[in-house]
Every structure is written in C-alpha cells, then in structure tokens.
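Student: I would like a close look at one part of this structure. Please take me through it step by step.

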Amino acid sequence: MRIQDAKVFVCSPGRNFVTLKISTDEGVYGLGDCTLNGRELAVASYLTDHVIPCIVGRDPFQTEDVWQYLYRGAYWRKGPVTMSAIAAVDMALWDIKGKALNTPLYNLLGGKSRTGVMVYGHANGRDLEETSDQVAKYIDEGYLAVRAQSGVPGLPSTYGVSKDKTFYEPAEKGLPPENSWSSEKYLNHVPKLFKALRTRFGDDVHLLHDAHHRLTPIQAARLGKEIEPYHLFWLEDAVTAELQEGFRIIRQHTTTPLAVGEIFDTVWDARLLISEQLIDYLRMTVVRGGGITPLRKVAAFADLYHVQTGCHGATDLSPVTMGAALHFDISVGNFGIQEYMRHTPETDEVFPHAYWFKDGYLHPGDKPGLGVDFDEKLAAKFPYERAYLPVNRKLDGTMWNW
Ligand code: KDG
Ligand code: MG
C-alpha cells in the first residue's frame, strides 16, 4: 500500500477546523486533525506546501519512520505549527492502518485497558450560584467529574465563563477581543466557589479547576493551599509553564494535585516537571503533541514518575482528535481523565463519529481505525472565518496571559 494523495480542508461548522485526508492506492483513506486555534491557515500551508509533497509514495504502515522523517528530517523542530501538522499525518496513518486491518485503533495500541474513558464536563456561570446550578446539571447528566469556573466579582469577563451554557467557545470572530484581569480578585473568589460546591454536592463528585496560566508560582501556591480542604481532582495551568522549575515552589506548599500541558508540543516541555514529580497529570493531547506515536512514548515516560494522562479536549480539537485521544486513553496504562467539551450539532454533522457517552464515560466505539469520518460536501458549506482567542490585560492596561 502507498500514499497516493493528501488534501487539507479548512472549514467552519460552528468554529474553524483544519483536517487532513490522506488517500492510498488501495482506496483506504485516513483523517488527521491539525486545528491550531487562531493560527489555522499557517498549519494548512505547512502541510500543503511543505509536507504533502514529501509523503506521497510512502508506505502508510510506517508510522514510526514517517514521524521521524517529518520531525528529525525537517531540521527545524518543535513549535505548535510544526507539531500539529506532524500530528495530523500521524493520526491519518494510524487511521489507515486500523481500517486496512479492519480493527479499531485501540487494538493496535495494546487493546483496551479499561471499560470506558472517564471524562469531565465544563460547568460555568456568571457567579457562584449559577456555577453551582450548572454543576448540578452535569451531575444529573451522569458526569462523575466536573470542571467548575465562575465569573469573578469586579471583572467584566473571565476565562471559562460561557455565553452559551452548553457549548463553551472562547474564540471570537474578527480580531482578538480584550479581557481584563486581576489575580487578586480571582484569588479571593475561587476558594469560596469550591467551599460552596463541596457543601452542596458532598465528597463524591470529582471537581476540577483551570487557572489558565494566570498566576505566579507563589500565588498558585496560595490558591492550592486554600482549596486543599475541598479535595480537587486537579488544579490546571496554575502558572505558564515555560519555567518548569517554577512548579517546585507550588509543590513545596500544597498537596492539591497539579495538571499542566495542553500547549506543550514535545516531551521536552515536561521533562523536568515529570522527572522531578512536580505535576500529577499531563494535559498533552494527540494534535498538539505531534500525534499518537510520540504521545505514547511521553505517557510511558510519565508512568515511571507516577504522572497520569489528562488529554486536552476543548472544542478547538476536532472530533478527529477526540476519536484519536479516546483510543489512546482506553489503551494507555497510566490514564487519568479526559476533558470533554461537547461540539455543536453542525460540527458533529460534518464529523460523524462512533464515540459515545454514557454515565460519565466516553467510549471510542468499534469502527475500524479512529472511528471518525469527514463529510467533505457538507464541510464546503461552512467556509473558514477569521477568529481569535481573546488577549488579556491587567486592570492598569498591562498585557497579561490569557
Ligand atoms: O484554544 C484554547 C483552548 O483550547 C483553551 O483555552 C481551553 O484551557 C482550555 C481547556 O482546558 O480546555
Ligand atoms: Mg486548560
């Protein structure tokens, strides 16, 4: 079998997605996702102009060699554009392998290690009461784990608080919107949120929270310490993680479990965090981490240090990434949890998929390969629309992390 052709599709069924379709001379095709929120066209060009011409004619079963060819062979390594593009090729080749062998991908990754993939949903509201009511809704729908985000008194908007309760979508059409931020106001508010949630819902539900890169290490240490009594499943992205040593400060002060890594693109972003046991969950997922091939190696390395997986699963990761992540999640030994932000009905129509949710767990389904398809004709009705994530400024106008 040989790769005959590959094509990149950019479409916007509810939001922008970039999809790679690789076809073979035996009629089997594979799909990969390479959506990079707010930088979509850069990845499309990387693939069309620089990668596709190099992979035509290769054996699609050689996932390891093709990955090494695109990573080592490019000379210029790492970075979200490069790694998302390589990830799409890797996903598509694993999809082809599964389809050609007529088996779901998890069977090629060691088989099922569990009966289902525990996921967390996104409860959010403008204030404590609204967030608490949303947590109740997720519990009613069968979720065992819920991420809780609340508006902060005195701030007009903040990360994680949605205009539409069901589908949280932070990117906005046009140029980047500007949000304003105060770590002081946020730090005063969050412990009250989790106190209220534990009082109302008791100890059984897993509660999670995303600080979205906004704190300094000592502020994160304070937050971790103050929410310790409420036993979170994790506190995510407490600080930006370019300085991996910064996590030592947080770790010295709190037993609140720490998760990080949704923007990491190789193991080098997490080497110290893992080997010094500074985190508990690694958020890298298939699309940003360069594909299934490298993510399995990172997970095996993390396993040595008791670090578990917690794949990113926001709406900007297409159903193709979600499908790939679920096969990874169900097979990997040190699985922790999977994020599940539901896509809109338009997105689900363009990407019909075999995965399904029941009683707090997602299941990858039993279709050969990834179990996700792509309706090209329907996708063509939703052309790309420029959209960006917001930027963030402190109350005095200083640029800050969003
Ligand atoms: O594109 C950015 C989103 O994926 C990100 O803001 C979502 O932090 C996020 C999360 O935990 O889902
Ligand atoms: Mg996050």
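**Around the ligand**

Tutor: Start with N37. In this predicted model, an N or O atom in the N37 side chain is 2.9 Å from an oxygen atom of ligand 1. Next comes D316. One of its polar side-chain atoms lies 2.8 Å from an oxygen atom of ligand 1. Then look at E339. Here a polar side-chain atom lies 2.4 Å from a ligand 1 oxygen. Now take the ligand as a whole. Alone, ligand 1 exposes 330 Å², and the protein buries 95% of that. Where does ligand 1 sit? Ligand 1 sits in the largest pocket. Around ligand 1 there are 14 residues. The closest are N37, H212, E262, D316 and E339.

Now turn to the aromatic rings. The whole structure holds 16 aromatic pairs. Take Y138 and Y143. Their ring centres are 4.9 Å apart and their planes stand at 75 degrees, so this pair is edge-to-face. Planes over 60 degrees apart count as edge-to-face. Are these two tyrosines buried or exposed? Y138 has a relative accessible area of 4%, so Y138 is buried. Y143 has 3%, so Y143 is buried too. Buried means under 20%. Elsewhere, F9, F17, F351 and F374 form one aromatic cluster.

The charged end of K297 sits over the ring of W67, 5.9 Å from the ring centre. K394 has its charged end over the ring of W400, 4.3 Å from the centre.

Conventions: Residues numbered from 1 in each chain as written. Chains lettered and ligands numbered in written order. Predicted model: local features only at pLDDT ≥ 70, side-chain atom pairs only at ≥ 80, totals over all residues. Heavy atoms only, no water. Phe/Tyr/Trp six-rings, centres within 6.5 Å; stacked < 30°, edge-to-face > 60°. Buried < 20%, exposed > 50% of the residue type's maximum accessible area, 1.4 Å probe, protein only. Lys NZ or Arg CZ within 6 Å of the ring centre and 35° of its normal. Near = heavy atom within 4 Å. Polar contact = N/O pair within 3.5 Å; in protein donor to acceptor, adjacent residues only side chain to side chain. Areas by Shrake-Rupley, 256 points an atom, 1.4 Å probe, with all protein chains shown as cover. 1 Å grid on protein atoms, 1.4 Å probe; cavity = no way out; pocket = protein on both sides within 12 Å on 5 of 7 lines; lining within 4 Å. Sits in = over half its atoms within 2 Å of the grid points.
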